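Here is a short tour of a few local features, written to be read with the structure open. Please keep the sequence at hand as well.

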Amino acid sequence: MLHIGLTGTNASGKTSIVKYLETNGFQSFSLSDMIRDELAQRNMLESRENLIRVGNQLREKFGPDVLARGIIAKLNTPRSVIDSIRNTSEVTALRTIPNFFLVGVDAPVETRFARAKERNRIENALTLHDFIQLEQIENSKNEAHQNLDQCMAEADYQIYNDGDLNQLNEKLQAIIEDMQSRIRLTWDEYFMKMAFLAAERSTCRRHHVGAIIVKERQVVSTGYNGAARGTKDCLELGCLRDELKIPSGERQEICRAIHAEQNAIIQAARHGSNIFGGTLYCTHSPCTICAKMIVNAGIKRIVICDEYPDMLNLAKELFQETGMTFEKLPMPDMKIHVLK
């Protein structure tokens, strides 16, 4: 998991950074999106001055970190880039996200003015002097307004974009590599990646599912969906469900495979491992049958990444009735990042 925040001066190259990160698997967000929505509701022109003015109004009314809170609420990806950070309270809020790093971006003011003119985004700043004067309103002493200089001072990394696009990308790539050396997986990410690794042992021709049972941050048992011990599997015999055209999640008795969650519970019992009160990490949500087994096994928390077609209301009702915690996490980064 890696989340990169961008703050910086106008026309310094933040948009180019966002595009580079998007091509490398990052999902992009902008704190200005909420402001743009507000401008649209007010039938106001989407100008730089209006963005600043209305953004400050929203911060004054709902709190200086309101824009950041809006992004955090919809963040559901392991790799993101968050643009338009212009208030230190926004930085503070975003730092609650695991593995969040703030990058400050700047460039010579003459270069930035030339870029703004080229993109036809100078608006009322027709001269370099006007351009500089307009930027002063982005450094208010009001805690609810933009305070760009203070945000830049809190950045974990600084990029001075005084070269061409290739040079900018090289600087950014070096920073990303350094970030990768500093990040640590959360416990949930750590165990979920193990569940996906277990899924690689699956012999199912439809879904590769893996499950890990954890207690006190120790792996107690693992499982994947596959045929019973000592019997031929679907890789060898083919999938009977496919032959009969049975939709996923239906008629589970017509299948040679034991589900990953079932196998994890069985393996724990076979080796005398206590799983009562543990957490089950599974790549997919449990089917109704697995849900009943999980409840009776005494599992207290389930963490998944993907929904299974048979995750019906009955299973959810079972979890709610027994007080079990059920959580869905974003898909973890499947790459292994280690220092060599």
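## A buried glutamate

In this predicted model, glutamate 189 is buried and yet has no salt bridge. The nearest side chain of opposite charge belongs to lysine 193, and it lies 8.1 Å away. A salt bridge would need a side-chain nitrogen of Lys or Arg within 4 Å of a carboxyl oxygen.

Glutamate 189 sits in helix α10, which spans residues 187-199. Leaving aside residues up to four places away in sequence, glutamate 189 touches Met1, Asn99 and Arg184.

## A nonpolar patch on the surface

Now look at Leu185, Trp187 and Tyr190: they form a nonpolar patch on the surface. Together these residues have about 290 Å² of accessible area.

Leucine 185 belongs to the loop between α9 (165-182) and α10.

## An enclosed helix

The buried residues are Ala260, Glu261, Gln262, Asn263, Ala264, Ile265, Gln267 and Ala268.

What covers these buried residues? The cover includes the strands β6 (210-215), β7 (218-224), β8 (226-227), β9 (257-258) and β10 (279-284), along with helix α14 (288-297). After α13 comes glycine 272, which has a positive phi near 70°.

Definitions and conventions:
Residues are numbered from 1 along each chain as its sequence is written. This is a predicted model: local features need pLDDT of at least 70, side-chain atom pairs count only at pLDDT 80 or more; totals for chains, interfaces and linings use all residues. Side-chain values use heavy atoms; hydrogens and water are left out. Helices (H or I, at least four residues) and strands (E, at least two) are DSSP runs, numbered from the N terminus. Buried means under 20% relative accessible area, exposed over 50%, partly exposed in between (1.4 Å probe, protein chains only). Lys and Arg count as positive and Asp and Glu as negative; His and the chain ends are not counted. Contact means heavy atoms within 4.5 Å. Patches are made of residues with over 30% relative accessible area and no salt bridge: like charges are joined within 9 Å, nonpolar side chains (Val, Leu, Ile, Met, Phe, Trp, Tyr) within 5 Å. Accessible areas come from the Shrake-Rupley method with a 1.4 Å probe; for residues, only the protein chains shown count as cover.
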